[in-house]
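Please look at the sequence and the structure before reading on.

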Amino acid sequence: RIASCGVDKTLQVFKAETGEKLLEIKAHEDEVLCCAFSTDDRFIATCSVDKKVKIWNSMTGELVRIYDEHSEQVNCCHFANNSQYLLLATASSDCFLKLWDLNQKECRNTMFGHTNSVNHCRFSPDDKLLASCSADGTLKLWDVKSANERKSIDV
C-alpha cells in the first residue's frame, strides 16, 4: 500500500499494484504535510499545519489517537524501524522534536536545541539515533533513549 497526503487535508491509501484507492479520510483541518506507515503497517501517522499529529488504523481508517502538544505546524513524522515498540518522532516549526509512544497519551520526550523550524527527522536503522535538520542550518543527532543531543553539524 501507498499513502498520500497534501493540501486537500486528506489522507489517501492506495493499492500499490493497481492504484486502487483503499481509503480516503479527511484527516486534518489544514494541509497535511507528512504521512508515514508504522513498521508493522498497522498504523499511519499524519501531521499538519493545524499543529496536530494523528494516528490512524491503516486498514479501517479509524482514528486511534490525536497528539496536539506542538505549538506550530508539524512538518514531519517518522516511525522507528523496530516494530516491537511503536515509537513516532515528529518535527515542528516550533523548533522542537517530540517522541511519542503510541501506548501513551502524551509526549514521551521533547528535544530542544534547534533555533528555527525543524523540517525533517529520521531514525537510524538501529533506532538508537534520531537525525533532524532545521532551517537554522544544522543537522542534529539525538540519542533516542535519553533524548539528549549527541552532535550538531553546521551544514
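This is a predicted model: local features need pLDDT of at least 70, side-chain atom pairs count only at pLDDT 80 or more; totals for chains, interfaces and linings use all residues.

Q: Where is E29 found, and is it buried or exposed?
A: E29 is found in the loop between strand 3 and strand 4 (32-37); strands (E, at least two residues) and helices (H or I, at least four) are DSSP runs, numbered from the N terminus. Buried means under 20% relative accessible area, exposed over 50%, and partly exposed in between, with a 1.4 Å probe and protein chains only. At 57% relative accessibility, E29 therefore counts as exposed.

Q: Which residues is E29 in contact with, leaving aside its neighbours within four places in sequence?
A: Contact means heavy atoms within 4.5 Å. E29 and I2 are 27 residues apart in sequence and 22 Å apart in space, C-alpha to C-alpha. Leaving aside the neighbours within four places in sequence, the contacts of E29 are K9 and D50.

Q: In what order do the 3 strands of the open sheet stand?
A: Two strands pair if DSSP finds at least two bridges between them. The pairing in this open sheet is antiparallel, and the order of its 3 strands is 1-2-3.

Q: Why is one side of strand 1 (2-5) and of strand 3 left without a neighbour in the sheet?
A: Neighbouring strands of this sheet are turned by 15 degrees against each other on average, direction ignored; the axes are lines fitted to C-alpha atoms, for helices over the stretch in contact, and angles run from 0 to 180 degrees between N-to-C directions. One side of strand 1 and of strand 3 has no neighbour because each stands at an edge, with a single partner strand.

Q: Which residue is the bridge partner of L11 in strand 3?
A: Strand 2 (residues 10-14) and strand 3 (residues 21-26) pair in the antiparallel sense over 5 bridges. For L11, the partner in strand 3 is I25.

Q: Which residue takes a positive phi in the hairpin of strand 2 and strand 3?
A: This hairpin has 6 residues between the strands. The residue there with a positive phi, near 85 degrees, is G19.

Q: Is D127 buried or exposed?
A: D127 is a residue other than glycine with a positive phi, near 65 degrees. Its place is in the loop between strand 12 (118-123) and strand 13 (129-134). With a relative accessible area of 5%, D127 is buried.

Q: What is the relative accessible area of K51?
A: K51 is not a glycine, although its phi is positive, at about 75 degrees. K51 lies in the loop between strand 5 (43-48) and strand 6 (53-57). K51 is partly exposed, and its relative accessible area is 37%.

Q: How many disulfides does the structure hold?
A: A disulfide is counted here as a pair of cysteine sulfur atoms within 2.5 Å. The number in this structure is 0.

Q: Which cysteine sulfur is nearest to that of C34?
A: C34 is buried, with a relative accessible area of 14%. C34 is in no disulfide, and the nearest cysteine sulfur, 3.9 Å away, is that of C77.

Notes. Residues are numbered from 1 along each chain as its sequence is written. Side-chain values use heavy atoms; hydrogens and water are left out.
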